[in-house]
Amino acid sequence: MKSVLLKISVFALLLVFSIDTKPEEIQEFQGQAFYFSKSKMELGRWGARLSEAQKKQIAARMKNRLEKTYVLTFNKEESFFEEEDKLDAMSGATDSWGKNFAPGDQYKNVKTNTQIQTQEFYGKKFLVKDNLQPIEWVMGSETKQIGNYTCFKATASVPTNELTWYNFSWDRLRNQEQTQTDSTGVATEPEVKMTEIEAWYTVQIPVRHGPLEYWGLPGLILEVSADNTTMLCSKIVLNPEETVEIVAPDKGKEITKTDYQKTITAKMKEFRDNRGRRRS
C-alpha cells in the first residue's frame, strides 16, 4: 500500500489543485463527485523476463484498464456510480474484454442498506441485488487538505473476494480447487485474503457515500486506496441548478453477489476445460 501511495504522490497533488469548489452549507445534499483511478500494473514472474521497452508497450495497451474516470451522483440517501467510457489508446475501440470483469453502473441506498449493480458478462446482462458491503472503519485523527476540503483518515480490512466480487482471478480459482489438509489429514479452508483500505473523507459534505464498494463514513469519501489502486476525487459540483435525479437500474437477470461470482467462475472453468480438450 505504501509503495502505491508513493508512486502516485505527485499525481495526487496535481489533482488536488484542480478541485476549486468551495465548501458550503448543504441543504438538499445533492451533487456530483468526479474521480480518477490509477492502478499499478502487476506482471508477476512473467514480467521479470520482459525488457523495459516491452513493459512500456504492455502498459500503453492496458492504459484503459489502469487509468479510469468515474462520476458519483449523490443525495442524502442515494448514490449512482458509473464509469466514463474511453476509447482504447491503441485501437480506438472500447475495452470490451475488460468490461467483462469491471464494475458496472452501481446504485446504493444507505437508508435501506441496498446495492443494485448492472453487470455484463460475455453479452449477458445481470442485475446484482444485495446488501451494501459491510466495512468496519477504524477512524483516525490524521487530517489533510484536498482542495478546499479538510479530510480525515479512516482504515479498514475487508476480504478481497467480497470487495471484488464482480472480478475473476485464475489465482482465486486455483485456490478454491486446491484441497488443503492439516497434519491429521483433515481438510481445511483456504486462507482468506484481506485487502487493506485507506480512505479520506470530509464532513463538510455530510453524506455517507463513496466510490465503488466504499461507503459508511460520516462524510463523502474523496480519496481511497486499496491493493494496487488509488481513486482520487478531481472535481465536486454541489447543489446544481437542475435537480439531480438518481434512478436504480432495473434491467438484467436478478442475482446476488455470491451467485454472480459462482456464475462467472463456472463459465471461466468451462472455457479453460474446453481449451484443454482442444489442445489434447
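These legends walk through close-up views of one predicted protein model.

**A few ground rules.** Because this is a predicted model, local features need pLDDT of at least 70 and side-chain atom pairs count only at pLDDT 80 or more, while totals for chains, interfaces and linings use all residues. Residues are numbered from 1 along each chain as its sequence is written, and side-chain values use heavy atoms, with hydrogens and water left out.

**View 1. The whole chain, before zooming in.** You'll find nine helices and 14 strands here; both are DSSP runs numbered from the N terminus, with helices being H or I of at least four residues and strands being E of at least two. Of the 280 residues, 42% are buried. Buried means under 20% relative accessible area, exposed means over 50%, and partly exposed is in between (1.4 Å probe, protein chains only).

**View 2. An open sheet of 12 strands.** Follow the order S7-S8-S11-S12-S13-S1-S2-S3-S4-S5-S6-S14, and you'll see that the pairing is mixed. Two strands count as a pair if DSSP finds at least two bridges between them. S7 and strand S14 (253-255) sit at the edges with a single partner strand each, so one side of each has no neighbour in the sheet.

**View 3. The S7-S8 hairpin.** Strand S7 (residues 138-146) and strand S8 (residues 149-159) are antiparallel and share six bridges. Two residues lie between them, and glycine 147 in the turn has a positive phi of about 60°. Look for isoleucine 146 opposite tyrosine 149 of S8.

**View 4. Another antiparallel pair, S12 and S13.** Four bridges link these two strands. Here glutamate 223 stands opposite leucine 232 in S13.

**View 5. The largest nonpolar core.** This core has 47 residues, and Tyr35, Trp137, Tyr214 and Leu220 have the most contacts inside it. A nonpolar core is a set of buried Ala, Val, Leu, Ile, Met, Phe, Trp, Tyr and Cys residues joined through side-chain atoms within 4.5 Å. Elements that each supply at least two residues include strand S1 (31-39), strand S6 (124-130) and helix H9 (257-279). A second, separate core has six residues, among them Tyr107, Ile116, Val244 and Ile246. In soluble globular proteins, nonpolar side chains tend to be buried together.

**View 6. Glutamate 67 and its polar contact.** Glutamate 67 belongs to strand S2 (residues 67-74) and is buried, at 15% relative accessible area. Its side chain makes a polar contact with the side chain of lysine 38 (2.8 Å). Such a contact is a pair of N or O atoms within 3.5 Å; within protein, one must be able to donate a hydrogen and the other to accept it, and residues adjacent in sequence count only if both atoms are side-chain atoms.

**View 7. Glutamine 30 in its loop.** Glutamine 30 lies between helix H2 (9-16) and S1 and is buried, with a relative accessible area of 11%. Glutamine 30 and glutamate 245 are 215 residues apart in sequence, yet 9.3 Å apart in space, C-alpha to C-alpha.

**View 8. Two loop residues with positive phi.** Tyrosine 122 sits in the loop between strand S5 (114-121) and S6, with phi near 50°, and is partly exposed at 39%. Asparagine 239, in the loop between S13 and S14, has a phi near 45° and is partly exposed at 27%. Most residues other than glycine have a negative phi.
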